[in-house]
Amino acid sequence: MEKKTKAVLAVVSLLATGSLLANFVVLSANATSVKRSPFAGKTITIAYQQFGGGHQTQIWLSSVRGQFQKIYPGSKIVLEPINASENEYYTKLDLMNQSAKTAPDIMVEDTFLVNSDASAGYLMPMNKFVNSWPAWKRDFYPAMQKAAESTNGTVYGVPFNTDTRGLWYDKPLFKKVGLPVPWQPHSWANILQAARTIKAKAPGVTPLWFYSGKPMGEASTMQGFEMLLYGTHNTLFDSKTKRWVVSSPGFLNSLNFVKTIFTQNLAEPLQNALTPESSTIATQQLMPKQKVGILLDGVWEYSNWLPTGPAPWPKWNSVYGVAKMPDQNGDGYTSMSGGWTLSISSKTKNAQMAWDFIKLACNKNNMLHIDLMDANVTPRKDVAAMPAYKSAGHGILSRFASFNAFTHFRPAFAQYPSISNDIQNAMENVMTGSVSPAQAMQQYAQQVTNYVGKAHVTSVK
């Protein structure tokens, strides 16, 4: 019913657009009306990351493609999966966007790249589209809308998911080694104590799986380092002075935590940490075998174990529980949020068609489809209120959604991707023992100062 309604609305909208009026023709023959799609003969391409065994994005986009081509006969949607790890995906997308011949019309964009890609001229402002879409103001969480905005309020994408992060822990294992279940650590010391207990009493099990280093890219920065840093109450960016914080007690303490878990063998072995496959190894290979005690990661991980996921595991919910990530010293909890958007290329020749596809992909039912399949925290209020969403994952989605109360967002400025890369370097240098945490922070400070300038950095004593 909703599809039909949207089709009608789309037609009305296009009729009101003079440039497209000529393309919409109603022919009468033998008292039968035949409608020609305004997008007949037109093609748009959609680029997205595909890595490991998960194909949720492709399944979702393929479903929407079928709906779209049914509504608009003669239109063509070409899906362009980029088989690459996270960093490689960003690199390949950047290369594609540098030429009108290779730029996709629509791209799946990580929110932390929105501002940098907009600054590079790759993305089309979407204010005129979203402002004419009632669902945008009515149904999307305001905080989620901000995730795809520049600092001057220009919208560069429609978020189709967001997320929070926490601690997955093996309940049967915890009971076996004498740790409490349910488990809720209140400080970093509690986490380390649990990891040391697992190491001592459960040989062959990785006590704490923690993303760190360059191969895991932004996952190391966000699921790893920033989950520590923002629990120290220091930040990457001082919003009052508008300066990057290049050294602080929290930054140093976070690197010391990294050093502790990797030098005391509380984390995964380096050969598993320093590979783009680290997440796949943990969630698809070892966790179903109950070889991981604790995993610091996001809400989406259980999608690996759903019947539609790459490693179906019906018993996952009886094994893994979820705990909030505590602040360093026990004065609260922390999480990080991000997400992905559908954005339109500034080089597209079919912007209206691209927008109509995005609008269809992000309607209530299609958003529910991807959010359930991919275990996303939804950016739509009306989806969050649906019974199917509330009961998803045995309540895991709602559990992670409750972390929104204390979550943080990355400073999504154009310099952030480079700064994120420097954080990964600092983590890797510490985890491999090539430098001390203090030296790694000093190198980080120098690197950031070099490209943002002395006037744009600060330190916290």
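A polar contact is a pair of N or O atoms within 3.5 Å, one able to donate a hydrogen and the other to accept it. The views below are taken from a predicted model.

**View A. Tyr48 and Gln58 are joined through their side chains.** The polar contact between these two side chains spans 2.8 Å. Tyr48 is part of strand E3, which covers residues 43–50. Its relative accessibility is 1%, so Tyr48 counts as buried, the cut-off being under 20%. Leaving out residues up to four places away in sequence, Tyr48 touches Thr57, Gln58, Leu61, Leu79, Glu80, Pro81, Ile82, Tyr89 and Val108. Gly332 lies 284 residues from Tyr48 along the chain, and the C-alpha atoms of the two are separated by 36 Å.

View B. Thr334 counts as buried because its relative accessibility is 0%. Residues touching Thr334, not counting those up to four places away in sequence, are Arg165, Met227, Tyr230, Gly231, Met325, Pro326, Asp327, Phe406 and His408.

**View C. Helix H3 crosses helix H17.** H3 spans residues 56–71 and H17 spans residues 364–373. Their axes come within 9 Å and cross at roughly 165°. H3 and H17 are therefore roughly antiparallel, since angles over 145 degrees count as such. The crossing is right-handed. On the H3 side, Gln56, Thr57, Ile59, Trp60, Ser63, Val64 and Gln67 take part, and they meet Asn366, His369, Ile370 and Met373 of H17. The contact of H3 with H17 contains five nonpolar and six polar residues, with no charged ones.

**View D. Helix H21 packs against helix H22.** The pair consists of residues 416–431 (H21) and residues 437–452 (H22), with axes that come within 9 Å and cross at roughly 160°. H21 and H22 are therefore roughly antiparallel to each other. H21 passes H22 in a right-handed crossing. H21 contributes Ser418, Ile419, Asp422, Ile423, Ala426, Asn429 and Val430 to the contact, while H22 contributes Pro437, Ala440, Gln443, Tyr444, Gln447, Val448 and Tyr451. By class, the contact of H21 with H22 has nine nonpolar residues, four polar and one charged.

Key:
Residues numbered from 1 in each chain as written. Predicted model: local features only at pLDDT ≥ 70, side-chain atom pairs only at ≥ 80, totals over all residues. Heavy atoms only, no water. Buried < 20%, exposed > 50% of the residue type's maximum accessible area, 1.4 Å probe, protein only. Contact = heavy atoms within 4.5 Å. Helix = DSSP H or I, 4+ residues; strand = E, 2+ residues; numbered from the N terminus. Axes fitted to C-alpha atoms, helices over the stretch in contact; angles between N-to-C directions. Parallel < 35°, antiparallel > 145°, perpendicular 65-115°, else oblique. Left-handed = near helix turned anticlockwise from the far one by under 90°. Nonpolar A, V, L, I, M, F, W, Y, C, P; charged D, E, K, R; others polar.
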